[in-house]
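This report is intended to be read alongside the sequence and the three-dimensional model. Please keep both in view while reading.

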Amino acid sequence: MIPHTGEWTSQANGRFRGLTHSFRRIRELGALNLLLGLYLRRSFTRAGILIVHPGFPLPRVTNRGGHVEAGNCSFFPGVHIECWKGATVRIGKGTYINRNTEIVASRAVTIGAGCMIARDVLIMDTDQHPVGGRALVSKPVEIGDRVWLGSRAIVLKGVTIGHDSIVGAGAIVTKSVPPHSVVVGPAATVIRTLQEQSR
Amino acid sequence: MIPHTGEWTSQANGRFRGLTHSFRRIRELGALNLLLGLYLRRSFTRAGILIVHPGFPLPRVTNRGGHVEAGNCSFFPGVHIECWKGATVRIGKGTYINRNTEIVASRAVTIGAGCMIARDVLIMDTDQHPVGGRALVSKPVEIGDRVWLGSRAIVLKGVTIGHDSIVGAGAIVTKSVPPHSVVVGPAATVIRTLQEQSR
Amino acid sequence: MIPHTGEWTSQANGRFRGLTHSFRRIRELGALNLLLGLYLRRSFTRAGILIVHPGFPLPRVTNRGGHVEAGNCSFFPGVHIECWKGATVRIGKGTYINRNTEIVASRAVTIGAGCMIARDVLIMDTDQHPVGGRALVSKPVEIGDRVWLGSRAIVLKGVTIGHDSIVGAGAIVTKSVPPHSVVVGPAATVIRTLQEQSR
């Protein structure tokens, strides 16, 4: 009944999701997306099949000497991954990252499998500047499997987001989020807990 | 006294606003804006005179099989309207939509006449993904006449915003807003009610 | 220990910061940045050495008949300064302005020396539209020295931000901020006061 957008709404088992997702995509989307994906792949240390949706600016990875790794993933225009020297970015299979999302890893940003990262999301594991005369603070960010980050969500240093959680549009996540939670707001707090089987 | 930016500040009667706005614009802005408007118009199911302010990326409409309709309107660079299969987008006359604003309609997004939509606004009538094992939720968004949405405001599914209301910069509107209201904040709440005659 | 990004983290005395910053930059970055800087400089009424980091869209200044002035500063792609007729924009030396930040001055926006303006920041000294039948409100914005505005912060009309203060990611600053403060949230409030010597 609800119009289908071609976006990933598979309810398949998590382990196979990445694969079926990618295979379906390949059939649907054809050669251009795969070619752009091969081009993007060159910036990764290691990667599965990357699918890049056409449009400008193309997704890009600024690797200053770190480790950037992804499974079979989809990227939309404007995505930017910035990996500092010695840092690690890991993105699980079946995850897609929508338009203009930015990831900054000064130490480690890990994103699980089957995640849905909406447009204009910002994930940073560092303040990027020292605060108040102290050393620059960097704390790894870890995002579980099947997490959904809503449009314009901001995820800040040291945050862990549990499996199957949902972060509302525009939420600013400054503290860790347990699995199966729905969080919203400028200091994102849990407003609902999802049922285990609900995924 | 206040410098005039060429942006629409007419206090004319609502019924004539769209028209006088458009006519003034045509005189002021000349041929390029109209040509770009004619080009954009091809993506609409039905439209009045569209005026497109030059700049990149050009405004665009992704119509996946819905109905996209507008009166005499102005669009700035980066605007993106996404209309899903069977969905409807309607924009009233004299409304202008500023840079990088995005509208996603999975069912229906209606914007009234004489509205001022600021930059980086996001209007979505759907979560875009099913939440917690349930079906994908889509609820029409309806925005009245002469509504002003401030920069980076987010308007989410099921919201109705009454005539002459003002949504503050960065506000996230998750619940309906009565007419003549000023709402702000991450779960936008009314902070002031404007006088009826104040428009 | 913390990887160095080439971003400005100098702890030098404020008076010399702008200069050493610029000189270091010139050595590091070379001719392209300076050439782009010279190109951008033409849009300023008066400016020191401007450094522009390559990328699209190039930073730009829309000067509708005001006064736009900067010391030795760095600009990243997508920065946009809009100065209305009779208005003033002043940016102190050693300040850098990151990607996609926008400044709108209808009367006066002043940014001090050694400031760090993160990506997607929005600074406006006007609502851009009259509210509720009254005249358009414009109140100067003044930002002190060594202020750090986090990603996506919004600074609105009439706000003064004291020296050495820090505005958190996504904060919306609607009221003035005393020196040496850390403010966060959608109606940005002080959560911490930094030690005087801490800079």
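## Basis and confidence

This is a predicted model, in which local features need a pLDDT of at least 70, side-chain atom pairs count only at pLDDT 80 or more, and totals for chains, interfaces and linings use all residues. Residues are numbered from 1 along each chain as its sequence is written, while chains are lettered from A and ligands numbered from 1 in the order in which they are written.

The model scores ipTM 0.74 and pTM 0.80. Confidence in chain A is lowest in helix α1 (residues 14-29), with a mean of 56, and highest in strand β10 (residues 108-111), at 98. The pLDDT is below 50 over residues 1-15 of chain A, a stretch that has 27 contacts in the model beyond near neighbours in sequence. Two residues are in contact if their C-beta atoms, placed from the backbone, lie within 7 Å. Where pLDDT is low, the predicted coordinates should not be read in detail.

Chain A contains two helices and 20 strands. Helices (H or I, at least four residues) and strands (E, at least two) are DSSP runs, numbered from the N terminus. Of its 199 residues, 53% count as buried. A residue is buried if 20 or more other C-beta atoms lie within 10 Å of its own, exposed if 12 or fewer, and partly exposed in between; these C-beta atoms are placed from the backbone.

The largest nonpolar core has 174 residues. Such a core is a set of buried Ala, Val, Leu, Ile, Met, Phe, Trp, Tyr and Cys residues joined through C-beta atoms within 7 Å. Among the residues with the most contacts inside it are Val167(A), Val173(B) and Val173(C). Leaving aside residues up to four places away in sequence, Val173(C) touches several residues, including Ile154(C), Leu156(C), Val167(C) and Val183(C).

## Helix α2 of chain B

Which residues of helix α2 (residues 31-41) of chain B are buried? They are Leu36(B), Gly37(B) and Leu40(B). Seen down the axis of α2(B), the buried residues fall within an arc of 105° (taken from the directions from the helix axis to the C-beta atoms), so they line one face of the helix. An α-helix has 3.6 residues a turn, so residues three or four places apart point the same way.

Ala31(B) and Leu35(B), on the other side of α2(B), are exposed. The buried residues of α2(B) pack against β2 (50-52) and β5 (73-75) of chain B.

## Strand β19 of chain B

In strand β19 (residues 181-184) of chain B, Ser181(B) and Val183(B) point one way and Val182(B) and Val184(B) the other, and all are buried. In a regular strand the side chains alternate between the two faces of the sheet.

Two strands pair if DSSP finds at least two bridges between them. Strand β17 (residues 166-167) of chain B runs parallel to β19(B) and is joined to it by two bridges, with Val167(B) opposite Val183(B). Four bridges join β19(B) to the antiparallel strand β20 (residues 189-193) of chain B, where Val190(B) is the bridge partner of Val183(B). β19(B) and β20(B) form a hairpin with four residues between them, and Gly185(B) in the turn has a positive phi of about 100°.

## Glu142 of chain A

Glu142(A) lies in strand β13 (residues 141-143) of chain A. Glu142(A) counts as partly exposed because it has 19 C-beta neighbours inside 10 Å. Not counting residues up to four places away in sequence, Glu142(A) touches Thr110(A) and Thr160(A).

Note on methods:
pLDDT = per-residue confidence, 0-100.
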